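User: I'd like to learn how to read a protein model step by step. Could you walk me through one?

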Amino acid sequence: MTLQEKQVAEKKTEKLGNGGMICPVRPTTKDLAKHAGVSRATVDRVLNGREGVKQKTIIRVNKAIEELGFVRNLSAANLAKNKNYRFTFVLPSSGDLFLREIVRHIQEADRVLVDDMMTIMIERLDENDPHGIASYLSTLNTDTVDGVAIMAPETPQVRDAIARLNERGVQALPFISNQAKSDEGTVGIDNQAAGATAATLLGRFLNGMSGKVLIVSETMKSRDSLERRLGFDQVLNAQFPHLHALPSLEAYGSEERAKAIISDTLKRQDIVGAYILSPEARVPLIVLNELGPPHLIVKVAHERTPYTEKALRQGDLDAVIAQDPGHLARSAIRKLKAMTDQRSTLVSQEKIRVEILLATNL
């Protein structure tokens, strides 16, 4: 061991009491500068990505970081620089009760995290206007925002706008409705598993009864709806061949349209079950309860809201597949912060569980 390595090893530990435990001491920027043979000012420039440092010096500092196991105290650094994290949630404008819960938890987080140097904003946009969403995203840059959580249908316009956001240095996080080709860097449940769960419940509740299953969505352009439908069909076709799922009905957030298309389907088909795979179940459930067939049908919906809770208690709804809106909001904020800091989050903490709600476990 060289003299320099010995000094580093001694610096990393200190004795507690007489012959007590030896505990690691975190290396400081002073240690880093000494180990790399540069000034603390140079270390600061490298850590903050500032210009004016030769490439060979950057390599030497990075090597010292690796050898010492240096971990930067971002909280202290941000406090010293008076850094404020600026995050925006882009949400649909036509959301009903579930979106209201999401907004409530985002606003709650904004109030709580103000002391952590965070500002969280909400922008409501027409989810059926991909050009409008893309146009708004094109106005964002690092002068105004650090990260954006986006809940919008997957379209070429939105996908390209997100790519350009990343090019400008703004972190983009798909929120609930995934935009990416993989599930990395997203916030939400496993929607295919959620759809499969809905099919399992509906099939078992029908207990061998044959007939058609009504499927209602806000829009099938939303990736979460597509994945839920895929999971639903896979289980229904494999385990309940006596049930036939009809083509998805798209309400586009319109109560009038929902009433018209559901009413028409009920007149033409022998409906024994209904699956509402969109996050807003209030309007389709109201229509089904007003215009449904004389016999009872099994109904499964998504998301816990005051309306779906009441419907479960009254027997107007058989099961709800839910995800915690508070967990969604907090997880998105933690992920945006980690992406901004080029850090990772704790995978187990950010996993959003698929929850099954019945009248008996509310």
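Analyst: Happy to! Let's begin with the contacts in the protein chain: among those between residues at least 6 apart in sequence, 70% join residues at least 24 apart. Keep in mind that this is a predicted model.

User: How many helices and strands are there in the protein chain, and what percentage of its residues is buried?

Analyst: The protein chain has 15 helices and 13 strands. Of its 362 residues, 46% are buried.

User: Where should I look for a core, and which residues in the largest nonpolar core touch the most other members?

Analyst: A nonpolar core is a set of buried residues joined through side-chain atoms within 4.5 Å. In this model the largest one has 49 residues, and F89, L91, F175 and F232 are the members that touch the most others. Helix α9, residues 191–206, makes the biggest contribution to this core, with seven residues. Apart from it there is another core, of 25 residues, including L266, L285, I297 and L317.

User: Let me zoom in on one member. What is L91 in contact with, leaving aside its neighbours within four places in sequence?

Analyst: With those neighbours set aside, the partners of L91 are L99, I102, V103, I106, I122, E123, R124, L125, M151 and F175.

User: Now the helices. How do I read a packed pair?

Analyst: Two packed helices are described by the angle between their axes and by the distance between the axes. Take helix α6 (residues 97–112) and helix α14 (residues 325–341): they pack at an angle of about 50°, and their axes are 8 Å apart.

User: Why are α6 and α14 described as oblique to each other?

Analyst: Angles under 35 degrees count as roughly parallel and those from 65 to 115 as roughly perpendicular, so an angle between those two ranges counts as oblique. With their angle of about 50°, α6 and α14 are therefore oblique to each other. The crossing of α6 past α14 is right-handed.

User: Which residues meet where α6 and α14 touch?

Analyst: From α6 come F98, E101, I102, H105, I106 and A109, and they meet P325, G326, L328, A329 and I333 of α14. By type, the residues of this contact between α6 and α14 are eight nonpolar, two polar and one charged. I102 and I106 are also among the contacts of L91.

User: Let me try another pair. At what angle do α2 and α4 pack, and how far apart are their axes?

Analyst: Helix α2 (residues 29–36) and helix α4 (residues 55–68) pack at an angle of about 120°, with 9 Å between their axes. This pair is therefore oblique too, and α2 passes α4 in a right-handed crossing. D31, L32, H35 and A36 in α2 meet R60, V61, A64, I65, E67 and L68 in α4. The residues of that contact divide into six nonpolar, one polar and three charged.

User: Which residues of α2 are buried, and what follows α2?

Analyst: D31, L32, A33, H35 and A36 are the buried residues of α2. After α2 comes G37, with a positive phi near 75°.

User: Where can I find a positive phi in a residue other than glycine?

Analyst: One of them is E303, with phi near 75°. E303 sits in the loop between β11 (298–302) and α13 (306–314). N207 is not a glycine either, and its phi is positive at about 55°. N207 lies in the loop between α9 and β7 (211–217).

User: Is E303 buried or exposed, and is N207 buried or exposed?

Analyst: The cut-offs you need are under 20% relative accessible area for buried and over 50% for exposed. E303 is buried, at 0%, whereas N207 is exposed, at 68%.

User: What about N191: where is N191 found, and which residues is N191 in contact with?

Analyst: N191 is found in helix α9 and is buried, with a relative accessible area of 5%. Leaving aside neighbours within four places in sequence, N191 is in contact with I176, D224, E227 and R228.

User: And which case shows a partly exposed residue?

Analyst: Look at D264, which has a relative accessible area of 36% and is partly exposed. D264 belongs to helix α11, residues 255–268.

Notes: Residues are numbered from 1 along each chain as its sequence is written. This is a predicted model: local features need pLDDT of at least 70, side-chain atom pairs count only at pLDDT 80 or more; totals for chains, interfaces and linings use all residues. Side-chain values use heavy atoms; hydrogens and water are left out. Buried means under 20% relative accessible area, exposed over 50%, partly exposed in between (1.4 Å probe, protein chains only). Helices (H or I, at least four residues) and strands (E, at least two) are DSSP runs, numbered from the N terminus. Contact means heavy atoms within 4.5 Å. Axes are lines fitted to C-alpha atoms, for helices over the stretch in contact, and angles run from 0 to 180 degrees between N-to-C directions. Angles under 35 degrees count as roughly parallel, over 145 as roughly antiparallel, 65 to 115 as roughly perpendicular and the rest as oblique. A crossing is left-handed if the near helix is turned anticlockwise from the far one by less than a right angle, and right-handed if clockwise. Ala, Val, Leu, Ile, Met, Phe, Trp, Tyr, Cys and Pro count as nonpolar, Asp, Glu, Lys and Arg as charged, and the others, Gly among them, as polar.
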